[in-house]
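Please read these notes with the model open beside you. Each point can be checked by eye.

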Amino acid sequence: MKPIYVLNGPNLNRLGKREPSIYGTTTLAEVEQICRDAAGATPLQFRQTNSEEALINWVHEAIDEGSGIVINPAAFTFTSIALLDALKMFEGPVIEFHISNVHKREAIYHRSYVSMRADVVMAGLGAGGYGTAVRALLELVAQRG
Ligand code: DHK
């Protein structure tokens, strides 16, 4: 089976220390382990970057080599048409994931470009929700055969 991709955007490398009242104290390394436990035997590419170019290049890689994407684009969610355009070329299932409930936060976090392509949007489950997102993605991939 082609790998699933879990892609993370800017500032998420600071998880654990970053605004714990919003993002909790789980580190990115712990998030990766949560995803790998949820994926089981399914191959998984787990990445994080503060660079828009790198994130877009990983979506391009997934277009050729991946079966599904869970993406937390972080701030690029609300700014990047380029990322949306890249995701539009991906044919597999896409889950947009946010640790916090962005709709409960400041207005700058309310309008997502990524949601224009995402099949599913998850927000507010906390860092543990990454496991739920990976399991949901595996189901979508299986449904699509
Ligand atoms: C993470 C960020 O960095 C913010 O820019 C988003 C998202 C929310 C999160 O909840 O995972 O607004």
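This is a predicted model: local features need pLDDT of at least 70, side-chain atom pairs count only at pLDDT 80 or more; totals for chains, interfaces and linings use all residues.

1. Start with helix α4, which runs over residues 81-88. Its buried residues are L83, L84, A86 and L87. Looking down the axis of α4, these buried residues fall within an arc of 160°, so they line one face of the helix. The elements covering them include α3 (52-65), β3 (68-72) and β4 (94-98).

2. Look next at the start of α4. Here a side-chain oxygen of S80 comes to within 2.8 Å of the backbone nitrogen of L83. L83 is also one of the buried residues of the helix.

3. The surroundings of S67 can be listed. Leaving aside residues up to four places away in sequence, S67 touches M1, K2, P3, I4, F90, G92, P93 and V141. With K2 there is also a polar contact: the side chain of S67 reaches the backbone oxygen of K2 at 3.0 Å.

4. Helices α2 (residues 28-39) and α5 (residues 129-144) pack at an angle of about 30°, and their axes are 8 Å apart. Their crossing is right-handed. On α2 the contact is made by V31, I34, C35, A38 and A39, and on α5 by Y130, G131, V134, R135 and L138. Of these residues, eight are nonpolar, one is polar and one is charged.

Definitions and conventions:
Residues are numbered from 1 along each chain as its sequence is written. Side-chain values use heavy atoms; hydrogens and water are left out. Buried means under 20% relative accessible area, exposed over 50%, partly exposed in between (1.4 Å probe, protein chains only). Helices (H or I, at least four residues) and strands (E, at least two) are DSSP runs, numbered from the N terminus. The arc is that of the directions from the helix axis to the C-beta atoms. Contact means heavy atoms within 4.5 Å. A polar contact is a pair of N or O atoms within 3.5 Å; within protein, one must be able to donate a hydrogen and the other to accept it, and residues adjacent in sequence count only if both atoms are side-chain atoms. Axes are lines fitted to C-alpha atoms, for helices over the stretch in contact, and angles run from 0 to 180 degrees between N-to-C directions. A crossing is left-handed if the near helix is turned anticlockwise from the far one by less than a right angle, and right-handed if clockwise. Ala, Val, Leu, Ile, Met, Phe, Trp, Tyr, Cys and Pro count as nonpolar, Asp, Glu, Lys and Arg as charged, and the others, Gly among them, as polar.
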